[in-house]
Amino acid sequence: MKTTVSGRVWVFGDSLNTDAMYPAFAMKLDIPEAAKHVFHEVRPGWTDQVEAGDIVLAGRNFGVGSSRPVATLFRHLGIAALVAEEFNSLFLRNAINAGLPALTVPGVTDQFTDGDRSSFDIATGEYRNDTTGTSGQVPPLPELVLEILASGGVLARLADQGYLPRELLGVLRSGALPADTGSGGA
């Protein structure tokens with residue numbers, strides 16, 4: 001499994017709630033259409049600018065609020081990872097369960113600005129702002145979490161282990177991290 005995620009960053013502030021990420025009206029839409037409305041209240045037009053491989057960075061208490069399945073929308077948009085100073089625990093679990101890497105990096109919003117190029121290794125905790133040269137290290141994600149991410153999420157892991165029909169693997173793994181291409185490693 002490739003454990004290094006590299007891409008352009010988008011920086012958001014503290015206490016960004018799931019209602020602002022996935023507005024109520026969008027919950028009635030199918031995933032591709034709903035994904036067009038992510039962050040529309042706090043950053044109109046963001047989904048027109050985001051590209052596959054981008055990384056969302058945020059401040060403290062990222063994902064506070066209801067347990068809306070925002071990770072599914074982020075994955076549909078091609079977001080490679082979420083990085084925050086602090087995650088709401090329910091939001092963090094939903095991201096990991098959906099196969100979306102989420103790494104806690106205290107002070108991250110002071111080290112990056114919109115558009116910076118970055119790399120985060122979820123297995124070692126090493127990170128770097130490739131634009132400014134700033135780097136650091138935080139505790140890596142636990143091995144079980146890395147296994148869930150490598151599977152494409154908790155449901156894909158359960159299917160892989162025979163607890164769910166194996167026929168679902170293709171659909172469930174659609175957002176899994178790509179196979180190792182030489183960078184990082186776990």
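Tutor: Glutamate 33 is partly exposed, because its relative accessible area is 32%; buried means under 20%, exposed over 50%, and partly exposed in between, with a 1.4 Å probe and protein chains only. The model is predicted, so local features need pLDDT of at least 70 and side-chain atom pairs count only at pLDDT 80 or more, whereas totals for chains, interfaces and linings use all residues. Residues are numbered from 1 along each chain as its sequence is written, and side-chain values use heavy atoms, with hydrogens and water left out.

The side chain of glutamate 33 meets that of lysine 36 in a salt bridge, at 3.1 Å from N to O. The term denotes a side-chain nitrogen of Lys or Arg within 4 Å of a carboxyl oxygen of Asp or Glu. Side chains of opposite charge can pair when their charged atoms come close. The whole structure contains eight salt bridges.

Another of these joins arginine 8 to aspartate 54, whose closest N and O atoms are 2.7 Å apart. Arginine 8 belongs to strand β1 (residues 4–11) and aspartate 54 to the loop between α3 and β2, so this pair links distant parts of the chain, 46 residues apart. Helices (H or I, at least four residues) and strands (E, at least two) are DSSP runs, numbered from the N terminus. Arginine 8 counts as buried because its relative accessibility is 18%, and aspartate 54 counts as buried at 3%.

A further salt bridge joins the side chains of glutamate 86 and arginine 60, at 3.4 Å from N to O. Glutamate 86 is in the loop between β3 and α5, and arginine 60 in the loop between β2 and α4, so the pair ties together parts that are 26 residues apart in sequence. Glutamate 86 is partly exposed at 29% relative accessibility, and arginine 60 is partly exposed at 44%.

Phenylalanine 62, leaving aside neighbours within four places in sequence, is in contact (heavy atoms within 4.5 Å) with residues including Glu86, Asn88, Phe39 and Leu82. Asparagine 88 lies in the loop between β3 and α5 (89–97) and counts as buried, because its relative accessibility is 17%.

Phe62 also belongs to the largest nonpolar core, which has 53 residues; Phe39, Trp46, Phe62, Phe74 and Leu82 touch the most other members. Such a core is a set of buried Ala, Val, Leu, Ile, Met, Phe, Trp, Tyr and Cys residues joined through side-chain atoms within 4.5 Å. In soluble globular proteins, nonpolar side chains tend to be buried together.

Within α4, the buried residues are Val70, Ala71, Leu73, Phe74 and Leu77. They lie on the same side of α4 because they cover an arc of only 160 degrees around the axis, taken from the directions from the helix axis to the C-beta atoms. These buried residues pack against α1 (18–21), α2 (31–35), α3 (46–49), β2 (55–58), β3 and α5.

Finally, leucine 82 stands opposite alanine 102 in β4. Strand β3 (residues 81–84) pairs with β4 in the parallel sense over three bridges; two strands pair if DSSP finds at least two bridges between them.
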